[in-house]
Amino acid sequence: MDQAERLRNIIKRQQYQPDLPPTMSRVITVTSGKGGVGKTSVSVNLAISLSRLGKKVVILDADFGLANIEIMLGIRPQFNLADLMFREKNMREIITYGPENIGFISGGSGINEMANLNKTQIVDLIQKMAELDQLADIVIVDTGAGIGNSVLEFVAASEEVLLVATPEPTSITDAYALLKSLNRNSSYHKATTVVKLIANQVRGNNDANELHEKLGIVVSKFLNIDIDYLGAIPYDDNMSKAILRQEPVVLLAPNSSASRSLMEIAAKLGDASLPAEEQGWGIMRLFSSVIRMKFGKNRG
């Protein structure tokens, strides 16, 4: 039995221990093919909008080393994921709370260090992640941009992926490159991962429809991946002002066109009629999958 198989057995035992709580949070991973398309802004504003709909929301900043969530909120956390893994902090201690009572977890160096965990640390991390499933109805994972390993690991392990893209040709090309790399990832399974497109910074319905059509047709034809269209966010000067002020646009300009669109998208996400297979895999299961992928690369 090799080390990767032993890891799978460790994770499997932890997932089915009877003392683990049964409730699982819904995990939504937000990603993009390139930087500068508004991915983190979408994550933060959707979190606040979902909180207003009565959901308990926590954002995990999985963009290694850049701290985009805390910069956007203007809040510096005391602890991060590495403190949970290596410095005996618990889940409640590493969650920082911001506006509208949304929580966020800074990834710190913990994302990349998961590949180096020993057996005891793996078990401990999975047990600690189970607590997050009790603290949040929805966990939003804000990945880095691009097609790096850390991005693809989280996207491949996710049940529900929001792909943020703009009408710019480079954004469409890079979004396709991300999905192409995902399609080649051995841990990705089309049947268990739903990809939903958010068209950002559009200047009308034609922009949004053209973006969805261009990306959707090529992805369906060459990758056999179906992309659901979740909605569009119009170009809005208030979004730039909000970023400069380190205040989410849904708070700074709640009646702006961007804020209204974000609330509409959040309402779709929060719809109780979502298919059962899209509800509640849990953050513990996602981390189990990411650790397996990192562990396999590290040993390979």
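Me: How close do the axes of helix H9 and helix H10 come, and at what angle do they cross?

Reply: In this predicted model, the axes of H9 (residues 169–184) and H10 (residues 205–222) come within 11 Å and cross at roughly 30°.

Me: Why is H9 called roughly parallel to H10?

Reply: The label goes to angles under 35 degrees. The crossing is at roughly 30°, so H9 counts as roughly parallel to H10. H9 also passes H10 in a right-handed crossing.

Me: Which residues make that contact?

Reply: From H9 you get Ile 172, Ala 175, Tyr 176 and Leu 179. H10 brings Leu 211, Lys 214, Leu 215, Val 218, Val 219 and Phe 222.

Me: What about helix H2 and helix H13: how do their axes meet?

Reply: The axes of H2 (residues 39–52) and H13 (residues 257–269) come within 9 Å and cross at roughly 65°. H2 passes H13 in a right-handed crossing.

Me: Which residues of H2 and H13 meet there?

Reply: On the H2 side, Asn 45, Leu 46, Ser 49, Leu 50 and Arg 52 take part. Across from them in H13 are Leu 262, Met 263, Ile 265, Ala 266 and Leu 269. Sorted by class, that contact has seven nonpolar, two polar and one charged residues.

Me: Why is Asp 83 called buried?

Reply: Buried means under 20% relative accessible area. Asp 83 has a relative accessible area of 9%, so Asp 83 is buried.

Me: Where does Asp 83 lie, and what is Asp 83 in contact with?

Reply: Asp 83 lies in helix H4 (residues 81–86). Leaving aside neighbours within four places in sequence, Asp 83 is in contact with Gln 78, Glu 88, Lys 89 and Ile 94.

Me: Zooming out, how many helices and strands are in the protein chain?

Reply: The protein chain has 14 helices and eight strands. Of its 300 residues, 53% are buried.

Me: What share of the contacts with a separation of 6 or more comes from residues 24 or more positions apart?

Reply: In the protein chain, such residues account for 82% of those contacts.

Methods:
Residues numbered from 1 in each chain as written. Predicted model: local features only at pLDDT ≥ 70, side-chain atom pairs only at ≥ 80, totals over all residues. Heavy atoms only, no water. Axes fitted to C-alpha atoms, helices over the stretch in contact; angles between N-to-C directions. Helix = DSSP H or I, 4+ residues; strand = E, 2+ residues; numbered from the N terminus. Left-handed = near helix turned anticlockwise from the far one by under 90°. Contact = heavy atoms within 4.5 Å. Nonpolar A, V, L, I, M, F, W, Y, C, P; charged D, E, K, R; others polar. Buried < 20%, exposed > 50% of the residue type's maximum accessible area, 1.4 Å probe, protein only. Parallel < 35°, antiparallel > 145°, perpendicular 65-115°, else oblique.
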